[in-house]
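Hi,

Here is the structure I promised to pass on.

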Amino acid sequence: MSSNAAIRAAVAYAALTAAHEVGDYLVQLNTDAVAKGKHGPEGVAACLRHVTSYTVTQAVALYAADRYLGLGLSWRRAAAGLALSAVTHYAADRCAGHWADDSDDAPLLVRAAHKAGKSGWLIKDPRAGALLDQAWHKGWIGLAAAVVAGR
């Protein structure tokens, strides 16, 4: 990776992470936060609304950073990075309210967390699910930033 690509990646990560905080906590509607993990169409619709506003927030932040700092980002790569962030955000947010569920009916990521040895923590600590959710998001944001920064 060239030094220019490394700079683009660092700036993209900073912009996407800052926008993540804004989109996940300030922009997200309470009704969507409550419903996004529900089974069925109501949960799907709430999660899609949230991920749409979240992704728009990230796109605006990335665009502003690119324009203000003259990064010369490829908007095809930016779109690919934003899509990666959006898809993985949706996958985790459909788990909302289910992290302590160790049944076979739990969402895939929840089952994976339990199989990875997180059951005790997830069942005993009411904050555990939110912490795993945020770690998942930020890990994928790092990869999305690398996608955005490439040539």
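Predicted model: local features only at pLDDT ≥ 70, side-chain atom pairs only at ≥ 80, totals over all residues.

(Helices here are DSSP runs of H or I with at least four residues, strands are runs of E with at least two, and both are numbered from the N terminus; the expected span is 1.5 Å times one less than the number of residues.)

Residues are numbered from 1 along each chain as its sequence is written, and side-chain values use heavy atoms, with hydrogens and water left out.

Back to helix 6. Its buried residues include L132, H137, I141, A144 and V148, where buried means under 20% relative accessible area, exposed means over 50% and partly exposed is in between (1.4 Å probe, protein chains only). The buried residues of helix 6 pack against helix 1, helix 3, helix 4 and helix 5.

How do helix 4 and helix 6 cross? Their axes come within 8 Å, at roughly 165 degrees. Axes are lines fitted to C-alpha atoms, for helices over the stretch in contact, and angles run from 0 to 180 degrees between N-to-C directions. The two helices are therefore roughly antiparallel to each other (over 145 degrees; under 35 is roughly parallel, 65 to 115 roughly perpendicular, the rest oblique). The crossing of helix 4 and helix 6 is right-handed, i.e. the near helix is turned clockwise from the far one by less than a right angle, with anticlockwise being left-handed. Among the residues making the contact are L84, T88 and H89 of helix 4 and W136, W140 and V147 of helix 6; contact means heavy atoms within 4.5 Å.

Helix 1 (residues 3-27) has 25 residues and reaches 34 Å from its first C-alpha to its last, close to the 36 Å expected. Its buried residues, among them R8, A12, L16, H20 and D24, pack against helix 3 (41-69), helix 4 (75-93) and helix 6 (128-149). The axes of helix 1 and helix 3 come within 8 Å and cross at roughly 145 degrees, again with a right-handed crossing. Residues meeting there include A15, A19 and V27 in helix 1 and Y54, Q58 and A65 in helix 3.

Now the cores. A nonpolar core is a set of buried Ala, Val, Leu, Ile, Met, Phe, Trp, Tyr and Cys residues joined through side-chain atoms within 4.5 Å. The largest one has 15 residues, and A12, L16, L62, L73 and V148 have the most contacts inside it. Helix 1, helix 3, helix 4 and helix 6 each supply at least two of its residues. Leaving aside neighbours within four places in sequence, L73 is in contact with R8, L62, D66 and V148. A second, separate core of 10 residues includes W99, V110, A113 and A128.

Two last residues to look at. H114, in helix 5, counts as buried at 11% relative accessibility. Beyond four places in sequence, its contacts include W99, D101 and L122. P107 sits in the loop between helix 4 and helix 5 (108-124) and counts as buried at 18%. With neighbours within four places set aside, P107 is in contact with R94, C95 and H98.

Cheers
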